[in-house]
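Subject: Structure for you to look at

Hello,

Here is the structure I promised to pass on. Please open it first, then read my notes below.

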Amino acid sequence: MANDYRRLVFVYYCSGHGYGHATRVSAFASHLLRLDPRPTVHIVSSAPKHVFSDSVALGGISKLTPSASAPLITSIALYRNANIDPVIVQPLAYRVDRQKSVEVLDKFLLEKDLKVAEESQWLRSIRADCVLSDAAFLGCLAANEAGIPSILITNFSFDSVYSYLSTPFIDEPPKPDPALNALLPPPAKAPDELEPDVPIPLEELSPLVEQIHSGYRCADLLLRLPGAIPLPSFALQPALPSSDWVDINTRTFKASVVDHLIQPPSTYKLHPQIPFPPQYPPKPLPREVRSAPLLVRPTNPSVFTPEGRSRILNYIGVPEHLHDPDKTKILIVSFGGQVFHKPHSRSHSRTPSKAATPSDLPPGLTFSPNGSAHPADHPVPLADTQESLVDPERHAQALSDALKNAALNRPDASPAENKPATSPVPAPAPARALPAHLTFDGDHPYTRPRGLSQLRLAGAPPAAVPTSPRLSTQMPAFVTIPPTPRPIDGFDAPEPKWDGAPASGEGEGQEVMEAEPRILPDASWIAIVCGVSKDWGREDGEELPENFFVAPRDVYMPDLTAVADVLLGKLGYGTVSECVDACTPFVYVPRPLFIEEHGLRLFLSREGVGVELTRAQYEQGEWADAVEAAWRAGCEAKARKRREGETGRWSREGAKMAQEVVEWVAKWKAGVEGGGGTRMKVERAASADGMGALG
């Protein structure tokens, strides 16, 4: 009979800490909502509603049966804004304020019990069948209190993140390079104005971290996403504190941790299950860890065609003569909602690209594969989101300084061609020795008179080495992943370092020239900046240089990432997943106090191209060589991707995962009910588009 069942009701708790969580929650909720029969999905998060637009657009109300007694709720996607998790405080997109982060956590935990009581009561009131969490521990805790199973879907958990605030590694701001800064006015905020980085004592952190850890312990199933680090609430080892997982000298995971990550999850020894309160039946299924596919927002297939590429570039305001990928390469600059200042044109200006959000989409352009127009991927953050705790003035100043430092309009380059350099070469600097596996290439075509000498790493593309005085004791400006053969199954090798001391027979007669910062490798590149205000192109009464463009705020980032030749940003799951999906090389500024970064680096080493740009080089505008190295390492894979187009691989795997979740819930409910169907009949789910059915 039509009345003897109702649709499953899922509640999806989504962390507000960055857009990566929101984009993958939106992607998986969309898979669930394409099942037949469709479930109801409630999304609860402090992230803004618009980033879940794919999921919400799929929801709708339709009658289950004409009978007046039948429920009307079916095929619904609902959103509720709630402060469900603490956040890490960041003065810049790639820096962490440890003390303020602990203060925020402490305040949140004081309200934890009240929040759990409110959420568990609400879960019972809507008759939720299962809680999904990415990766808010409060959702797992509330589900357990309500007698409802919970599934953790993530690549990391915040008990590890907060625990890592005890690491003895000191994240010092980069020292300014006098050679590059002498010609510039002093920045509005000097690096030394940032709070000193001071480790939090373990004895102070541990009681707070334990409360987060206990919340995750309530989860019954872990679907571990790619780019994972250890999740200590499931596996017994590696255990907290997470600072023990990392070699402080190499800033890489220890061998034992990498070994753990490459083992099948079925081999892990797990923590015992946390039981329901006594008024509920016992849990019928044991705890389990499963590997999950990449959850990523789909790309519109049209962007891989010349027409689709031109439509999105026209929308941004890029002239048609710059649409040919064989002649023009594109750098996307995106730091996930941060505010940017524009570069200053040194010799000329022109009418800037469209910075304001258009009111209508251009004819024939669909920015979302489901047909919906997307609101901002980089809006003004809400009060409860992680982005609200980033100091926008400091980060804006960092990028402003970087762009002002860059020589975008060099006398040896024009929009049409690169002319031979004519500037006199300054007196050579004293020779500097390199390790045996590093060699200079002075004949590289992009070597400049005051440019960077070329560094070749065995197994990696050529890269320019900045020669400012501060690098005498630092690493090279960037490291391609993988830079050399990895010692542990190809993963997480230590990065090559300068040692500053000549080795026997090495470095003799080698000369290093002074560097002038460059953002783009040559005149064949353009840059598209995301997440800026509509007035960004007209600050200080000056217009944008001709090779810089502004992306409208409602541009669909997976499509823009697919169009790009290289993307520059911070290392986060959302950007990494979209770069891997689109075969777009990724230049990233490291965030050394985010332990999640280690898992994402391992993932990039296997599935994509990643090039690290040091914070000092980023802030001083020396991006060009990292961009070029990333492009050289990934251009062949990018060309193949453009030929084959969107394959739908991750959509098929995500649809299969959605069906398996529904089947797991059905099995749970059958176990609770003794195998009967007195309360609910769950039909076997098959994807509406035919991609999720199992044989």
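Pro238 lies in the loop between strands β7 (221–224) and β8 (246–247). Helices and strands here are DSSP runs, numbered from the N terminus: helices are H or I with at least four residues, strands are E with at least two. The peptide bond from Gln237 to Pro238 is cis, with omega near -5°.

A word on the source: this is a predicted model, with residues numbered from 1 along each chain as its sequence is written. Local features need pLDDT of at least 70, side-chain atom pairs count only at pLDDT 80 or more, totals for chains, interfaces and linings use all residues, and side-chain values use heavy atoms, with hydrogens and water left out.

Another cis bond runs from Asp36 to Pro37, with omega near 5°. Pro37 sits in the loop between β2 (35–36) and β3 (40–45).

Now the whole chain. The protein chain has 17 helices and 21 strands. It has 695 residues, and 59% of them count as buried. Buried means under 20% relative accessible area, exposed means over 50%, and partly exposed is in between (1.4 Å probe, protein chains only). The protein chain exposes about 26,800 Å², with 54% of that supplied by carbon and sulfur atoms. Such areas come from the Shrake-Rupley method with a 1.4 Å probe; for residues, only the protein chains shown count as cover. Look at the contacts too (heavy atoms within 4.5 Å). Among those in the protein chain with a separation of 6 or more, 77% join residues 24 or more positions apart.

Which residues have a positive phi although they are not glycines? Arg251 is one, at about 55°. Arg251 is in the loop between β8 and β9 (252–253). Its relative accessibility is 24%, so Arg251 counts as partly exposed. Cys583 also has a positive phi, of about 55°. You will find Cys583 in the loop between α13 (573–582) and β19 (586–589). Cys583 is partly exposed because its relative accessible area is 28%.

Next, a helix pair. The axes of α3 (residues 98–110) and α8 (residues 202–217) come within 11 Å and cross at roughly 50°. Axes are lines fitted to C-alpha atoms, for helices over the stretch in contact, and angles run from 0 to 180 degrees between N-to-C directions. α3 and α8 are therefore oblique to each other. Under 35 degrees counts as roughly parallel, over 145 as roughly antiparallel, 65 to 115 as roughly perpendicular, and the rest as oblique. On the α3 side, the contact is made by Gln99, Val102, Leu105, Asp106 and Leu109. On the α8 side, it is made by Glu204, Leu205, Leu208, Gln211 and Ile212.

Is Ser30 buried or exposed? Ser30 has 5% relative accessibility, so it counts as buried. Ser30 belongs to helix α1 (residues 19–33). Leaving out residues up to four places away in sequence, Ser30 touches Asp54, Ser55 and Leu58.

Last, find Gly648. Gly648 lies in the loop between α16 (624–644) and α17 (649–672). Gly648 is buried because its relative accessible area is 14%.

Best wishes
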